[in-house]
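I set out to record what I looked up in this structure, entry by entry.

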Amino acid sequence: MKSVKHKILVLSGKGGVGKSTFSAHLAHGLAEDENTQVALLDIDICGPSIPKIMGLEGEQVHQSGSGWSPVFLEDNLGVMSVGFLLSSPDDAVIWRGPKKNGMIKQFLRDVDWGEVDYLIVDTPPGTSDEHLSAVQYLAAAHIDGAVIITTPQEVSLQDVRKEISFCRKVKLPVLGVVENMTSFVCPKCQKESQIFPPTTGGAEVMCQDLQVPLLGRVPLDPRIGKSCDKGQSFFVEAPDSPATVAYRSIIQRIQDFCSLRQPKGEDHVSS
């Protein structure tokens, strides 16, 4: 981990709020700069969706003298997931906590990422073994912080509050909250509709109450799901979508935050 400059955990209180989709597109967005080396690590052991979203299903992990080699989507974007270790995408991973923790430790210790600017860790929903393991193993290597994904409904925000409480208890900085599926913008007529009405004020009010940054809101666009199913970047599929504009703004804010945490005098890893 010493060769990895910035480490970002992507968390969510609930499943199905778009956490893995955000992790994948954060990686895509950062890797658009050819001089930026990006690594995407999927530690959702029981539900590894990153290989599908990144268009890497069926790829295999190879081992060398320096450890496991990640699967590269681009020269500057490497991916690692337990999904690459399964004989079939339909195989179930039925492991108890200690075995899951051991796999996460192996991912963080034995993968030869090389010199990396950003390591993005896609986690399972909740505040369980995998999260504690990742924070514990990365603690000595300096974590920039966590990005927490939610949707506007109170049932999702309720679990996000628990996630923020978890971060504070384990002294994990919260970079901010992303509100996904804020509204639906019709790709044809551009009319905006609220699919999930924010009964308690949505992420904005929650962030004000808990004094954490709101990184941005991403509208619902059906092309995001299509892109993920096809294993393609939504940014390429729909460059002018309001969702793409929102994603890029959020990614820029995350980059700005990480640059502020960079020790003075330290050059770009890949320069």
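Over residues 5-161 I read 31% helix and 26% strand, with the end C-alpha atoms 28 Å apart. Helices (H or I, at least four residues) and strands (E, at least two) are DSSP runs numbered from the N terminus.

I worked from a predicted model, in which local features need pLDDT of at least 70, side-chain atom pairs count only at pLDDT 80 or more, and totals for chains, interfaces and linings use all residues. Residues are numbered from 1 along each chain as its sequence is written, and side-chain values use heavy atoms, with hydrogens and water left out.

I located His-25 in helix 1. His-25 counts as buried because its relative accessibility is 0% (buried is under 20% relative accessible area, exposed over 50%, partly exposed in between; 1.4 Å probe, protein chains only). A polar atom of the His-25 side chain lies 3.0 Å from the backbone oxygen of Thr-21. Leaving aside residues up to four places away in sequence, I found His-25 touching Cys-228, Gln-232, Ser-233, Phe-234, Phe-235, Tyr-247 and Ile-251 (contact means heavy atoms within 4.5 Å).

I placed Gln-37 in the loop between helix 1 (19-31) and strand 2 (38-42). Gln-37 counts as partly exposed because its relative accessibility is 22%. From Gln-37 to Pro-124 I noted 87 residues in sequence and 24 Å in space, C-alpha to C-alpha.

Methods. Polar contact = N/O pair within 3.5 Å; in protein donor to acceptor, adjacent residues only side chain to side chain.
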